[in-house]
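Please read the points beside the structure shown here.

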Amino acid sequence: MIACSRRQMIAGASAAAVTAAFSGGPRRAVAADAPSVLRATTRILDIKGQPATVLGLLRENGNQGVVLEPGERFALRLRNDLTEPTIIHWHGQIPPVVQDGVANLPLPLLRAGEARDFNYAPYPGTHWMHAHVPDQEMRQLSAPLIVRTEEDARADRQEVVILLRDFSFTPLAELLVRLAEPESVPAASPPAGMAGMPMTAMPMDLNDIDFDAYLTNDRTLDDPEIVRVAPGGQVLLRVINAAAATVFRIHTGAIEGTLVAVDGQPIVPVSGQGFALAMGQRADLLLRIPAAGGVFPVLALREGAQEQTGLILATAGAVIRRLPTIGTEDAAPYQSAQEAALSALRPLPAKRVDRRLEAMLAGTMQPYVWSIDGRPWGRHLPMVTKQGERVEIAISNPTMMAHPMHLHGHHFQVVEVDGRRIAGPVRDTVQVPAMGRITIAFDAGEPVRWVFHCHHMPHLAAGMMTELAVGA
Ligand SMILES: [Cu+2]
């Protein structure tokens, strides 16, 4: 432990700039014929003293991603300034499918130098944007997409965006080769004949990749972002898990947080000091800074491991001490009990279920192939429904890893966890624990093909995607 040094104070000053970059900053009016530009480009991060070239989504003013005020449309021109093709998905939003951002569904990737315009009415809440190309998402091609509500605008509170990532110097293709090596990790599926074994007898496989760093707003705890907060003030943390393959437990330390929304959708508030967040998911947490002031780290603990990342909330004059990047005990894993304890503030309207679908998650380590219903993407069988139908998909996970499952084009409600009916949260990404079963419900939307996939990037790259074919 060291006291706040001059170097850290300088770090604090540059942290203020990063805060501005993540929180939007002032916007200027643009003419209708000159859309605001979002560039997919490269940038350089400092990872434990080593420069790392990563990808990013930057505005003309240098800010990452997009913050929209109440009633504002999502209207911008995406320009691919990379030397490779890319496509960006607006995670949590439901634009017409032509703007959804999945390769060839229906539009192709943007070529290097190509631009494409987007214009749709956004859903409010904490969302994000990312390349729908696993290798690019892993190279940090992601950013916040925040849509503020009238309530946000009226509320006397400070908003802090926390974008969590994992970082590896090793390219995805090489990681996939390593993952398929015999000595890598426990089997993805229980051996034949062991399906009836109790869960505790099986080796749960929480993390199949060890990353080189875990980042909060691009920084490690060696040089964290420091956010100035007011004594007695209220803070809204908008936490986004943009990691490729890491579940985090958000830990608010001495202050109890109140979870008020998941995936941008309001829930019946739940208080606590730790909430798990899977890849693709978001959590909105309200905090009250004690009137006496002080230093309040917000940590993200790597599930089932000791690595940690985070940022520091501090009142003026407080002495900030450095926090270790490795904690003292393994963080508790994401459990279905957390999901079962959440309730939507605005549930789906009551309606008879028109169609019940099943999705069986599957995987093998050698070769490293993950799939849905035993069929990797490309050989998949579409799940079929009709526009307007109330659909339930029961997702069964007999594998030894959890899978955060994301459905495009819809917001769904979690209605069953391990056999128990609940009026759970409305989401777009649900964590299906190892050996667990989760049922989601929604009304089928635009009559087109929407993808349904795991948000663990190596799993997605290895085939864990299917489609929901909505008929007219
Ligand atoms: Cu998965």
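1. Strand 18 and strand 19 form a hairpin with 5 residues between them. Within the turn, Gly 304 has a positive phi of about 70 degrees. Strands here, like helices, are DSSP runs numbered from the N terminus (strands: E, at least two residues; helices: H or I, at least four). The model is a predicted one, in which local features need pLDDT of at least 70 and side-chain atom pairs count only at pLDDT 80 or more, while totals for chains, interfaces and linings use all residues. Residues are numbered from 1 along each chain as its sequence is written.

2. Two strands are said to pair if DSSP finds at least two bridges between them. The bridge partner of Pro 297 in strand 19 is Ile 312.

3. Strand 18 also pairs with strand 13 (residues 248–251), in the antiparallel sense and over 4 bridges. In this pairing, Ile 250 stands opposite Ala 300 of strand 18. Is strand 18 (residues 295–302) mostly covered or mostly uncovered? Strand 18 is mostly covered, with 7 of its 8 residues buried. A residue counts as buried if 20 or more other C-beta atoms lie within 10 Å of its own, as exposed if 12 or fewer do, and as partly exposed in between, with C-beta atoms placed from the backbone.

4. An open sheet is formed by 5 strands in the order 22-31-30-24-28, with mixed pairing. Its edge strands are strand 22 and strand 28 (429–432), each of which pairs on one side only. Neighbouring strands of this sheet are turned by 25 degrees against each other on average, direction ignored. For such angles, axes are lines fitted to C-alpha atoms (for helices, over the stretch in contact), and angles run from 0 to 180 degrees between N-to-C directions.

5. The bridge partner of Met 383 in strand 31 is Leu 468.

6. Strand 28 pairs with strand 24 (residues 403–407) in the antiparallel sense, again over 4 bridges. His 403 stands opposite Val 432 of strand 28. In a regular strand the side chains alternate between the two faces of the sheet. In strand 28, Thr 429 and Gln 431 point one way and Val 430 and Val 432 the other way, and all are buried.

7. The loop between strand 5 (88–91) and strand 6 (115–120) contains Pro 106. A cis peptide bond joins Leu 105 and Pro 106, with omega about -5 degrees. Asn 104 lies in the loop between strand 5 and strand 6 as well, and its phi is near 65 degrees, a positive value in a residue other than glycine. Why does Asn 104 count as exposed? Asn 104 counts as exposed because it has 9 C-beta neighbours inside 10 Å.

8. Another cis peptide bond joins Gln 366 and Pro 367, with omega about 0 degrees. Pro 367 is found in the loop between strand 20 (355–364) and strand 21 (369–372).

9. Asp 373 is located in the loop between strand 21 and strand 22 (383–386). Its phi is near 55 degrees, a positive value in a residue other than glycine. Asp 373 has 14 C-beta neighbours inside 10 Å and therefore counts as partly exposed.
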